[in-house]
Amino acid sequence: KAQGERLSNVVLMGMGEPFRNYDNVLGAIGDLRGRLGIGQRHITVSTVGIAPMIRRFADEGTEVKLAISLHVANDAGRSKLMPVNRRYALEELLAACRYYQEKTRRRVTFEWALIRGENDG
C-alpha cells in the first residue's frame, strides 16, 4: 500500500503445515479479508494433505482455495518424500479432495516440485 499498489492474492504455505495451526490460519484469513480487503477467492491454503482437516475446511463454507502439495503420484514414492502419506495415503487424500470439491464447488490445485532423482523419472 505504501507503494500505491494493492495486495491481491495470498497463498498460505511454507511456514509449516497450515492445518496443524488451523484456528490461527482461519484467523489470518479473516484478517486478510477484513483488514486488507482481500476476497476469499484470492486466498489459497496449501497443505501436505491432512485428510480430516481438508474435510473440516470444506465444511467451513468459505470460498478460500485449496492446494495440495502432492509431489509424487504413488504411495510408495510419496511416503518416502512426504511422511504424512503414511498416515493419509493417496486414496484417502483424494477422497478428501473430492469431498472438498463437491462441498465447495471449487477446484483443487495440485502442486508438484520437481526433485532430481526423487520424482523426475
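Buried means under 20% relative accessible area, exposed over 50%, and partly exposed in between, with a 1.4 Å probe and protein chains only. His71, at 15% relative accessibility, therefore counts as buried.

This is a predicted model: local features need pLDDT of at least 70, side-chain atom pairs count only at pLDDT 80 or more, and totals for chains, interfaces and linings use all residues. Residues are numbered from 1 along each chain as its sequence is written, and side-chain values use heavy atoms, with hydrogens and water left out.

**Overall build**

The chain has five helices and four strands. Helices (H or I, at least four residues) and strands (E, at least two) are DSSP runs, numbered from the N terminus. Their order is β-α-β-α-β-α-α-α-β. Along the principal axes, the C-alpha atoms fill a box of roughly 45 × 30 × 25 Å. Of the 121 residues in the chain, 39% are buried.

Contact means heavy atoms within 4.5 Å. Among contacts with a separation of 6 or more, 58% join residues 24 or more positions apart. The chain exposes about 7600 Å², and carbon and sulfur atoms supply 47% of that area. Accessible areas come from the Shrake-Rupley method with a 1.4 Å probe; for residues, only the protein chains shown count as cover.

A nonpolar core is a set of buried Ala, Val, Leu, Ile, Met, Phe, Trp, Tyr and Cys residues joined through side-chain atoms within 4.5 Å. The largest one holds 29 residues. Phe19, Ile29, Val45, Ile54, Phe57 and Leu66 touch the most other members. Two or more residues come from each of β1 (10-12), α1 (22-34), β2 (43-47), α2, β3 (65-69) and α5 (90-104).

What does Phe19 contact, leaving aside its neighbours within four places in sequence? The partners are Val45, Thr47, Ile50, Met53, Ile54, Phe57 and Leu66.

In α2, the buried residues are Ala51, Met53, Ile54, Phe57 and Ala58. They lie on the same side of α2, because they cover an arc of only 160 degrees around the axis. That arc is taken from the directions from the helix axis to the C-beta atoms. An α-helix has 3.6 residues a turn, so residues three or four places apart point the same way. The cover over the buried residues of α2 includes α1, β2, β3 and α5.

Asp59 also lies in α2 (residues 51-59). Asp59 counts as partly exposed because its relative accessibility is 44%. Not counting residues up to four places away in sequence, Asp59 touches Tyr99 and Lys103. After α2 comes Gly61, with a positive phi near 80 degrees.

**Helix α5**

Gln101 sits in α5. At 37% relative accessibility, Gln101 counts as partly exposed. Beyond residues up to four places away in sequence, Gln101 touches Arg106 and Arg107.

| Pair | Apart in sequence | C-alpha to C-alpha |
|---|---|---|
| Asp59 and Met82 | 23 residues | 26 Å |
| Gln101 and Asn119 | 18 residues | 26 Å |

**Positive phi in loops**

Most residues other than glycine have a negative phi, and most peptide bonds are trans. His71 has a positive phi, near 70 degrees. His71 is in the loop between β3 and α3 (75-81). Arg105 also has a positive phi, near 65 degrees. Its place is the loop between α5 and β4 (108-111). Is Arg105 buried or exposed? Arg105 is exposed, with a relative accessible area of 70%.
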